[in-house]
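Please read the following account alongside the sequence and the model.

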Amino acid sequence: MRCREVEKQLSAHLDGELDAAASERITAHLEHCEGCKARALAYSTLDGALDALPRHEPSEAFDDGFRAKLQAARQAQAQASLDAPRSRRRGFFSWPLLAGLGGAAAAVALAVLLIGRSPRDTTLPPRRTLAAVQPSDLALAQHLELLQNYRVVKNLDELENYDVIDKLDRLLGDDK
Amino acid sequence: MSYARAQFGDDCSAAEHGALGLMGEPQLDGDARLMLAFQQGDQSSFEALFQKHKRAIVIFASRFTGRVDEAEELAQEIFVKCYLAASTYEPRAKFTTWLFRIARNHCLNEVRRPARRVAGEPYDDERARTAPGQSPEAQAQGRALSAAVARELAALPENQRSALLLSREQGMSYEEIAETMDVSIGAVKSLINRARKRLASRLAKYMEHRHAMS
């Protein structure tokens, strides 16, 4: 058995954690190897020093201190369980949720805005002077709400709907 | 339904949960039986466990942290944790394995805290035990060695310190230490060997004095 292997197994040997055959091999090695024998002696001396360390005995107040801590912990636990439903209710309107709702609302608003600004807006004729404004333009402006009807704008095919066109015509005609 | 099935469920096996008795019941040690009784509401069972193990936990806490002055407070907190976590204990593990796992984790959290709770001397060498009839010089050497051992023990890497303490102080087998620390038996063997090697190296001068005087 080599010293390197003995060094790895020495603690397990001293602690009685090796099987009989392995332990015998180490014992045989220690009989003729001064270096490993010195190491084993050092470990045994160390164990003696560890065993000689003073052991702190629990004081007379130890039990009372434990009971006081336990009572405090149980009270805190009971209070936490009482607070839990309240915090869950508060949690419904918690900042993360509000932020999420705000974000969703902003997304909807942006979508409506983008839909409202359809490509047709970019093809509008250049702004004309007030004198050039035709009565029909004023009528359109007055009934802008109808033109901006979400269903109509979203689905341009609706503009081919006769009823809608007829209504627009009549509105324009009324203004003439 | 058998006791074993009531405790471990329908898929329990002797291999998984340790040896079963003649009637098919698990062979529980006294501590495990006390814990089961406590889980059923018997407060006196926990009191019995507390009285039985409090000394070992105080010593473990003082050795682990290197601070005698805060060991009691830590030990009390460890037992509070055990009390509150009792429902998580399963009798397939030895009670001491479960108890010292909690103790180790709690002490580990303490030593990792940026601001330790107590300021003071980590070790009082006046408490070191000396053999009766020793000369004053030998007593002084013994105290110096004890102080150095305690200091170097507290300076060991946490895993090495845990493994060595559980072996030397608690007399746990490598298998029990492995279960407590959630590592392999091979790892425990290596940790304890490295701890001894490091301590022997750092304490060589003190131990040479001891050899010379003996």
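Helices (H or I, at least four residues) and strands (E, at least two) are DSSP runs, numbered from the N terminus. By that rule, chain B has 11 helices and zero strands. This is a predicted model in which local features need pLDDT of at least 70, side-chain atom pairs count only at pLDDT 80 or more, and totals for chains, interfaces and linings use all residues. Residues are numbered from 1 along each chain as its sequence is written, chains are lettered from A and ligands numbered from 1 in the order in which they are written, and side-chain values use heavy atoms, with hydrogens and water left out.

Of the 214 residues in chain B, 45% are buried (under 20% relative accessible area, 1.4 Å probe, protein chains only). Contacts are heavy atoms within 4.5 Å; among those in chain B between residues at least 6 apart in sequence, 63% join residues at least 24 apart.

Two packed helices are described by the angle between their axes and the distance between the axes. In chain B, the axes of helix α3 (residues 30-39) and helix α4 (residues 43-65) come within 7 Å and cross at roughly 145°. The residues in this contact include B:L34 and B:F38 of α3(B), and B:F46 and B:L49 of α4(B).

Chain A has a mean pLDDT (the predictor's confidence in each residue, from 0 to 100) of 72, and 52% of its residues reach 70 or more. Confidence in chain A is lowest in helix α9 (residues 150-154), at a mean of 45, and highest in helix α2 (residues 20-32), at 94. Where pLDDT is low, the predicted coordinates should not be read in detail.

How values were computed. Buried < 20%, exposed > 50% of the residue type's maximum accessible area, 1.4 Å probe, protein only. Axes fitted to C-alpha atoms, helices over the stretch in contact; angles between N-to-C directions.
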